[in-house]
Amino acid sequence: MLITQLKSKDTIDTLIKGKTVIINCHGCKEVCFPEHEAAELQKELSATGNIMEVITRDYICNPDNLRLQLQKYMAKINASDIVMVFSCGVGVQTVAEYLEDKKVYSGCDTYPLPGFQGVTPLEFACGQCGECYLNYTGGICPITACSKSLINGQCGGSKNGKCEVDKDMDCGWERIYRKLEKMDRLDTLNYPAKVRKFWNPDADPPKVD
Amino acid sequence: MKLTELFQRGEFVVTCEVGPPKGFHIEHLLHEVETYLKDRVTAVNVTDNQSSVMRLGSLATCKALKDKGLTPIFQLTCRDRNRIALQSDILSAAMLGIENLLLLTGDHTRMGDNPQAKPVFDLDSVSLIHMVKKLEQGEDLAGNALEGEPPKFAKGAVVSACSDSVDVQLAKMERKVKAGAEYFQTQAVYEPEKFIKFMEKAKQFGVPVMLGIVIPKNAGMAKYMNDNVAGINVPQEMIEELKKDKEKTKAGITGVEISARLIKECKQYCQGVHIMALGWESKVPDILAQAGI
Ligand code: SF4
Ligand code: SF4
């Protein structure tokens, strides 16, 4: 349920200052990984002469698995200055803990990937907010469809149905209102002022039928 | 003095907005306010890091205005503070004797001059109004008791009267009224017909509404607002009017005339006017005089 994205070439260049071993993780179906771009970038990096080895494995986030997978490369790793990991943040942390004396760097940024549940890519995003408002909002998530995650209606910033923050994005509250209007369910919006509960999973049960 | 008391008395309330400086030197602002607004407007509304641009605080500015004998309105947005800070600032306002609030969600941080900032939005305008109401009832948002007599404010909110999705705005307005909003000021109005239609629908909520005026400074500003500011549409004829006599427009005369005309056309349909002068505070007396207020 997350996505990794390569850091910029400039950033990576500043990190690779010495003999480097690269570890890619391609194993996990929950992570969307830019395999092709990473391979291209690593080819370019190899031209610097600093890259000693490129290792591509799976599930490096599992410490036992990682240890087994790295066994035959340990001589090279020991001889290197830097281990550059291209994986999600969990993978990088696992490697860093295992190779505790090494400079272990991350070549990627990790984002949550909305719309993934298990291994099935879906069209909809859930921000895992702890109190689902979908019953009030015609099934459109106000947390992820509205840039401010507003739960009490539209802000004053929408213009021509677009969001004030991103003009390419439809205003979530415009969509919610139009959908409820179409379904003749605008009375749903008469719920009392809602206050978001950020750390309380025991939220009020929705009172809307 | 609370604006709500004035509305109850049937007074036509006039407020003007000022933006604190980007710095802490407030002499210029105080001078403008004393020269052009004092004794001419009912209250002065102080923006809270307007358009997400970092500035001197609204609360401190309100206090400075109060010390000069003006009635300040403390604007508070949800963008920069979580509910603890918001409640704390409300109590601070009460302690400083500030009685009028304008409660807003706020622009996104990405619109301002520190776009890297984390937008907070712990609450939104509706839950913020609800929060102030709870404080007035003697407890905080979590239900913990306040010490002593609870504060009491006039709680204002905003609505986009000429928005292209005015029905969505009216739905939000209704939620604000139910949460405790006692008066409204609108986003800038340039189309009286739209405003009048809006007021017909807004009447059902039984709360006073102040017509929002942004003085049109020139055609460029009008076009900019049309392209970038939600809920504002400056009609083409008005842009032509601003273009017609460059010198007159530059001197601010055209902007004053248009503003006064808008107020005259809308006055009988609303309970007050709120002028957003954007640095042209000096024009406010002329506008009011020409509008017959
Ligand atoms: S309202 Fe909350 S729980 Fe429901 S879909 Fe949106 S983020 Fe997920
Ligand atoms: S314009 Fe719409 S989607 Fe964007 S922040 Fe405002 S209410 Fe949310």
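1. Four bridges tie strand 5 of chain A to strand 6 (residues 103-106) of chain A, and the two run parallel. Strands count as paired when DSSP finds at least two bridges between them; strands (E, at least two residues) and helices (H or I, at least four) are DSSP runs numbered from the N terminus. Within strand 6 of chain A, Ser106(A) is the bridge partner of Val85(A). To get from strand 5 to strand 6 of chain A, the chain goes through helix 5 (residues 89-98) of chain A, a right-handed β-α-β crossover (clockwise from the first strand over the helix to the second, strands pointing away from the viewer).

2. A caveat: this is a predicted model, with local features needing pLDDT of at least 70, side-chain atom pairs pLDDT 80 or more, and totals for chains, interfaces and linings using all residues. Residues are numbered from 1 along each chain as written, chains are lettered from A and ligands numbered from 1 in written order, and side-chain values use heavy atoms, without hydrogens and water.

3. Strand 2 (residues 20-25) of chain A also runs parallel to strand 5 of chain A, joined by five bridges. Here Ile22(A) sits opposite Met84(A).

4. How many residues of strand 5 of chain A are buried? Five of five, buried being under 20% relative accessible area (1.4 Å probe, protein chains only). Ile82(A), Met84(A) and Phe86(A) point one way, Val83(A) and Val85(A) the other.

5. As for ligand 2, its surroundings include Cys146(A), Cys155(A), Cys163(A), Cys171(A) and Trp173(A) (a heavy atom within 4 Å). The shell splits into five nonpolar, four polar and two charged residues.

Definitions and conventions. Nonpolar A, V, L, I, M, F, W, Y, C, P; charged D, E, K, R; others polar. Buried < 20%, exposed > 50% of the residue type's maximum accessible area, 1.4 Å probe, protein only.
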